[in-house]
Amino acid sequence: MLQSRGITDLISAEKEAQGRIEEARKRKNKRLKEAQNEAKTEIEHFKGDRDQRYKSLEQQQLGNRNQMTEESNRTTQVQIGDLKDQYESNKGALLERILTLVCDIKPESHINARID
Amino acid sequence: MGLSEADVTKQIQQMISFIQQEAAEKVEEIEAKAEEEFNIEKSRLVSQQRIKIIEYYDKKEKQIELQQKVQHSNLANASRLSILKARDECIEAFKEEIRKKLDFSKVDRSKYIIILSNLIIQGLYTLMEPIITIRCRQDDYGLVQRLIPDAIRRYKQTVKKDIEIHLDQKNFLSEKLTGGIELYAMNDKIKVSNTIEARLDIIFHQMLPEIRETLFGTNHNRKYYD
């Protein structure tokens, strides 16, 4: 009688022990699954930060683009203006010279055809 | 007979304790392993994805940089081109200004007569043909007719050859020209264009380097001059 009671106690102790081990294993699997989810959240956070960084760079570049175009146009216009001023101030003497050259005609017969 | 009741109970208790202890150890082991594997898996996943994300955004940021460089280059090119265009327009305007000043055939008659007769004789010297047809502006018809005999005389004197000149009565040069004549020989197969415009074209073209330098200054980027 005592023996059988002792054995049942042992058996139930064993069962309980197994139960606890099973539970521990279940918790372990659950924890592993949590790894996936937590990783996902962390990555999404990281991605969000990076994306924001990129977007602000994009915005900055857009602003720069407009500024650059304006500046380039302004500089070009100034240079064209200077060009025209140069032209106006330098053309005088040259114009007269070309006029003279066009009107100054010296007809000469071909050197091989000259008879002295 | 064997063990007493108390001994048996004690032994069984011991065995139960042992079982419980072993189980507790096992559970601890499992839990430690769980944490370890959790951390390994999580950091593996995170770094794997991190690398991909970093690669992706680095590439996109490089594209932005590239776009900026392309735009910069495009702007520089466009600017250079507009400046060149402006220069070209100045030179064209310059030529036109000169051409307008060459339109003096009605204003300075004596000067025009001298030039016209020189153009005629120069044309004759160039062609050296016995039969010539001259084409002029309709307004100049009378004037050219009067200048032809003198031209023939000068030609005969220098070249010692006979020459026959016809003045085209049907075809005339455009009224838009500022002056001068065209000469034809060999049944209109050889043509000499001795208009004032033609002279301006040739002279202007030959002088272009000088014109550019005088109007706009020397080019400091130029390396070769021969």
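Buried means under 20% relative accessible area, exposed over 50% and partly exposed in between, with a 1.4 Å probe and protein chains only. Helices (H or I, at least four residues) and strands (E, at least two) are DSSP runs numbered from the N terminus.

Before going on, a word on the model: it is predicted, local features need pLDDT of at least 70, side-chain atom pairs count only at pLDDT 80 or more, and totals for chains, interfaces and linings use all residues. Residues are numbered from 1 along each chain as its sequence is written, chains are lettered from A and ligands numbered from 1 in the order in which they are written, and side-chain values use heavy atoms, with hydrogens and water left out.

Now to the domains of chain B, whose bounds come from an automatic or database domain assignment. The C-alpha centres of domain 1 and domain 2 of chain B lie 85 Å apart. Even so, 5 residues of domain 1 of chain B are in contact (heavy atoms within 4.5 Å) with 6 residues of domain 2 of chain B.

Leaving aside neighbours within four places in sequence, B:Phe94 contacts A:Tyr87, A:Lys91, A:Leu94, A:Leu95, A:Ile98, B:Phe204, B:Ile211 and B:Leu215. B:Ile134 sits in strand 1 of chain B and is buried, with a relative accessible area of 0%.

Next come the pockets. On a 1 Å grid over the protein atoms alone, a pocket is an open set of points where a 1.4 Å probe fits, with protein on both sides within 12 Å along at least five of seven lines, and lining residues have an atom within 4 Å of a point. The largest pocket has a volume of about 560 Å³, the space filled by probe spheres set on the points, which are joined across faces, edges and corners. Of its 18 lining residues, B:Arg87, B:Phe216, B:Gly217, B:Thr218 and B:Asn219 lie nearest the centre. Helix 1 of chain A, together with helix 1 and helix 4 of chain B, are the elements giving two or more residues to this lining.

B:Phe216 belongs to helix 4 of chain B and is buried, at a relative accessible area of 8%. Its C-alpha atom and that of B:Ile134 are separated by 41 Å.

The second largest pocket holds about 160 Å³ of space. Helix 1 of chain A gives the most to its lining, with 6 residues.
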